[in-house]
Amino acid sequence: MITSREKLTSYLILGPFALVLAFPFYWMLWTSFKTELDLYDINNVPFFFGHGSPTTKNYSFLFHETEYLTWVKNTAIVGVAVVAITLVLAVPAAYALARLSGRWGQSMGVGIFLTYLVPPTLLFLPLSYVISHFPVGGHAGLQDSLWSLVLVFPSFTVPFSTWLLMGFFKSIPRELEEAARVDGASRLRTLFQIVFPISLPGILTVIIFSFSLVVNDFVYALAFITTSDSKTISTGVFTELIRGDIFYWQALMAATLIPSIPLALLYNMFLDRFIAGFTGGAFR
Amino acid sequence: MATVAARGRTRRRRRNLLESRRFLATALIAPAVLFILVLVGGPLLLAMYLSLTDAVGGTLGGEWVGFDNFVNAWHDPNFRRALRNTLLFTIVSQAVVLLCAGLIAHALMRPIRGRWLLRFLIILPWAAPVPLSTIGWLWIYDSLFSVVNWTAKQLHLVDQFNPPQWLGDPTLALGAVISVHAWRIIPFAVVIFLAGLASIPSEVEDAAKVDGAVGLKKFWYVTLPLQLPIATVALLFGIVFTATDMTVVYILTQGGPFNSTQMLTSWAFFTGIRGGSLGEGAAVSLYLLPLLVVVAVLMLRFARKVEVT
């Protein structure tokens, strides 16, 4: 049981922090419903609406007069493809490193993790050359194609996920697998029927992490994609809603809120399993 | 008949192969390793080669110049400032992150009403894509319509006619960049700390209670030592996320005013891509790598050592 004093301390700590951390989003929400006249009136109290606000015209501008929805769709496509590739490559590798290989597995795991540290600003100079000269399906190169991102993003999601999953697999009691093997199950069968089902929290952690790394990328998307209809939200919003000196502030704020809220709900919903995934593995 | 027997034999052999530990391990690891070698190893070597040439934008060829790029970069005051800023941003923001996240995680462990909502609000900055949420800060720090300045003016904390230019003043801009980095990494550290707190067995809590350890004493002698490995991991990722990130600086200040907020990553981008000196850009980027590797190896080793004891 916790005392009411402890409860009060919790609220006193969490209240102000939640306020500060979430304030930018409250401010985005407020701004996204304002009219031009209201936004740029210096004598206005910015916390109130006036001059025709609130209005939904900024949202209709975003949906109908920009390619925002295409960017959202592109981001989802790239995210799903990258997560799939990451799982296919990282799950077997992590399992093998954790269980099937001895001492060198550990060192190799650390080696793979270290590749995650190579900064994208270093890699993307040569990569952009490769991308623009890599002939594929009749095209001269992958430049301006979503596939360039699908190809390159796993270069940071795979090392990270392999490392995370390695720790996770190590935390599964060996006896479980041994029991299955004694019962005559093959190694692969043990893997699919025993190991993977128990590893779901770890795999979920990796899915969430990979997806968040994808939506957070800016450098690669900026360098590889220049055509409007192939952009993802991370660069589309920045490059097309800021035109020279003109900032479409209300639309920019709306564009930020729309993916952030569902993502935060999703993370919050899975947070407990996510935490189980982290404690289960990464640190053992 | 003979063919059936032969087929059976191959199937058995294939099965035996899959049962062999060494073969299976290699088969499972190979795809990931090959992928990493091609997409990280290859470009990394190419970047190292570029850093030793005078290659310019558009081509990958250039005259061999040895370590000239590294020497030139080192003597450039902008590079020095970028190096200093990278360290400054990383250290200050991570200090803030560890302190705040530790407090928040402890408070969040308690089963209180409205915990779900509080957790949602706290996690928001991490869930929002950085390239977008930084634009939100651009608006908050706006030169004319900054909500921070409006509030400060009402409270008579700042000059009514000459309020602080958060992104226009070199010193304030440093603070602005640090604030955004700390803001976006705090929720991540909170999650990792929660994971760490959840892994402390309840017997430890009970034993501490029996021994009369409460409040600060319990925190100092029981919770903190158990939290150290996980705090190290949170710190390691915080450092990597901050030091290798270019997005925040690129969107918030473009390295300005007068290159006062450049980091190594953004300076490499501006030199290599905007300025077209691929070779020198690669050299600037490469300065970051040994730093990161040393930090990572030290911290991974430390995390393991603490766990053993």
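**Reading a two-chain predicted model**

Chain A has 14 helices and 2 strands. This is a predicted model, in which local features need pLDDT of at least 70, side-chain atom pairs count only at pLDDT 80 or more, and totals for chains, interfaces and linings use all residues. Residues are numbered from 1 along each chain as its sequence is written, while chains are lettered from A and ligands numbered from 1 in the order in which they are written.

Me: What makes a stretch of chain B a helix, and how many helices are there in chain B?
Reply: Helices are DSSP runs of H or I with at least four residues, strands are runs of E with at least two, and both are numbered from the N terminus. By this rule chain B has 13 helices and 0 strands. Its pattern along the sequence is α-α-α-α-α-α-α-α-α-α-α-α-α.

Me: How does the radius of gyration of chain A stand against that of a compact globule?
Reply: The radius is taken over C-alpha atoms, and the globule rule is 2.2 Å times the number of residues to the power 0.38. For 284 residues the rule gives a value near 19 Å, but chain A has 24 Å. Along its principal axes, the C-alpha trace of chain A spans about 75 × 70 × 30 Å.

Me: Why is Arg119(B) called buried?
Reply: A residue is buried if 20 or more other C-beta atoms lie within 10 Å of its own, exposed if 12 or fewer, and partly exposed in between, with C-beta atoms placed from the backbone. Arg119(B) has 22 other C-beta atoms within 10 Å and is therefore buried. Arg119(B) lies in helix H5 (residues 115-127) of chain B. Buried residues make up 43% of the 309 residues in chain B and 47% of the 284 residues in chain A.

Me: Which residues does Arg119(B) touch, not counting residues up to four places away in sequence?
Reply: Two residues are in contact if their C-beta atoms, placed from the backbone, lie within 7 Å. On that basis Arg119(B) touches Asn268(A), Leu271(A) and Leu108(B).

Me: Why are H1(A) and H4(B) called oblique to each other?
Reply: Helix H1 (residues 4-32) of chain A and helix H4 (residues 77-109) of chain B pack at an angle of about 130 degrees, with their axes 9 Å apart. Axes are lines fitted to C-alpha atoms, for helices over the stretch in contact, and angles run from 0 to 180 degrees between N-to-C directions. Angles under 35 degrees count as roughly parallel, over 145 as roughly antiparallel, 65 to 115 as roughly perpendicular and the rest as oblique. H1(A) and H4(B) are therefore oblique to each other. Their contact includes Ile13(A) and Phe17(A) of H1(A) and Leu103(B) and Ile104(B) of H4(B).

Me: What classes of residue make up the contact of H1(A) with H4(B)?
Reply: Ala, Val, Leu, Ile, Met, Phe, Trp, Tyr, Cys and Pro count as nonpolar, Asp, Glu, Lys and Arg as charged, and the others, Gly among them, as polar. The contact of H1(A) with H4(B) has 8 nonpolar, 2 polar and no charged residues.

Me: How many residues of each chain are in contact with the other?
Reply: In total, 81 residues of chain B are in contact with 78 residues of chain A. The largest share of this side of chain B, 16 residues, comes from helix H2 (residues 21-51) of chain B. By class, the side of chain B that touches chain A has 68 nonpolar, 9 polar and 4 charged residues.
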